[in-house]
Amino acid sequence: MNEIVDGPKPKHAQLREILRRLAEQDLAPGSPIPSERDLAERYGVSRITVRAAVGQLVADGLLTRAKGRGTFTAKRRYDLQLFLASFTSDMKARGVEPSTEVISCGQAAPGSKASLGLEADEYAYRVVRLRKADGAPLALEAGWYSPHVLPELDRCDLTGSIYEIIATRYGVQLDHARQTVWAETADAETAKALDVRKGSPLLVFRRVASSDGRPCEDVTSWYRGDLYQVTMQLDRTVPGSGLHSAKGGTK
């Protein structure tokens, strides 16, 4: 139904459902919707009614407003997979084309900045990369890598999957990782790299990965908050009881 009628259901609620179908079924992510004036004329409602309907869909995350440009359908969000996998394989599994720009790669002494089991004056490989999905910047990644497990890593082509290099060149299988997630706002440098405004919300992931108990990687990734989300399944279990108590209730 694409008409608004008099009845018990408020007109702003009727218009909201019409626009919801438009955003979810008819328009591609990032597409503009008709202007406030056009919507008011098309459906015979006031601009206040249009504002209320659009505002709710913005709050729901289906639409986004761009100052001076209009209102658009929200861009596609990528859901974090809670298992140990590379960015490249994760994107390919979603049917998305991954690409990587190496911003810097060299040697430095991380000191206490990285959990790689190194002495204070030992160096590690420092790799900073921009990860893209279908050509759009998705994450800025800064990682430390162990020179003991991955010698001469800085001589490798790092525009693809580092995890694939670790497996094929070094014969190392990463089998364990500890990951911490928090929220930040983008500083000027990160905002420029990710093509967002300074102060935009980011999801930050720090992952320390190891193989047979040997730390190999300590990497922090800043993901665009408008394109990435985390979904978890929570089971109601009491810590210390049941078969899944050691792992908790997420997967």
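Reader: Leaving aside its neighbours within four places in sequence, which residues is His-148 in contact with?
Author: Contact means heavy atoms within 4.5 Å. By that rule, and with neighbours within four places in sequence left aside, His-148 is in contact with Leu-118 and Glu-122. The C-alpha atoms of His-148 and Leu-118 are separated by 9.2 Å, although the two residues are 30 residues apart along the chain. This is a predicted model, in which local features need pLDDT of at least 70 and side-chain atom pairs count only at pLDDT 80 or more, whereas totals for chains, interfaces and linings use all residues. Residues are numbered from 1 along each chain as its sequence is written, and side-chain values use heavy atoms, with hydrogens and water left out.

Reader: Where is His-148 found, and is His-148 buried or exposed?
Author: Helices (H or I, at least four residues) and strands (E, at least two) are DSSP runs, numbered from the N terminus. His-148 is found in the loop between β6 (136–145) and α5 (162–168). As for burial, a residue is buried under 20% relative accessible area, exposed over 50% and partly exposed in between, with a 1.4 Å probe and protein chains only. His-148 has a relative accessible area of 55%, so His-148 is exposed.

Reader: What does the reading look like for Ser-210?
Author: Ser-210 has its place in strand β8 (residues 201–211), and because its relative accessibility is 11%, Ser-210 counts as buried. Leaving aside neighbours within four places in sequence, the contacts of Ser-210 are Gln-173, Leu-174, Asp-175, His-176, Pro-215 and Cys-216.

Reader: How many salt bridges does the count come to?
Author: Side chains of opposite charge can pair when their charged atoms come close. The rule for a salt bridge asks for a side-chain nitrogen of Lys or Arg within 4 Å of a carboxyl oxygen of Asp or Glu, and by this rule the count comes to 12 salt bridges. One of them joins the side chains of Arg-20 and Glu-17 (3.8 Å, N to O). Because these two are 3 residues apart in helix α1 (residues 11–26), about one helical turn separates Arg-20 and Glu-17. Arg-16, Glu-17 and Arg-20 are also linked in a network of salt bridges.

Reader: Which parts of the chain does the pair of Glu-36 and Arg-47 link?
Author: Glu-36 and Arg-47 meet through their side chains in a salt bridge (3.1 Å, N to O). This pair links distant parts of the chain, with Glu-36 in helix α2 (residues 36–43) and Arg-47 in helix α3 (residues 47–59), 11 residues apart. Glu-36 is partly exposed at a relative accessible area of 24%, and Arg-47 is partly exposed at 39% relative accessibility.

Reader: What does the salt bridge of Glu-101 and Lys-132 tie together?
Author: The side chains of Glu-101 and Lys-132 meet in a salt bridge at 3.8 Å, N to O. Since Glu-101 lies in strand β4 (residues 98–108) and Lys-132 in strand β5 (residues 124–133), the pair ties together parts that are 31 residues apart in sequence. Glu-101 is partly exposed, with a relative accessible area of 38%, and Lys-132 is partly exposed, with 22%.

Reader: How many helices and strands are there in the protein chain?
Author: The protein chain has 6 helices and 10 strands. Along its principal axes, the C-alpha trace spans about 75 × 50 × 30 Å. Buried residues make up 39% of the 251 residues.
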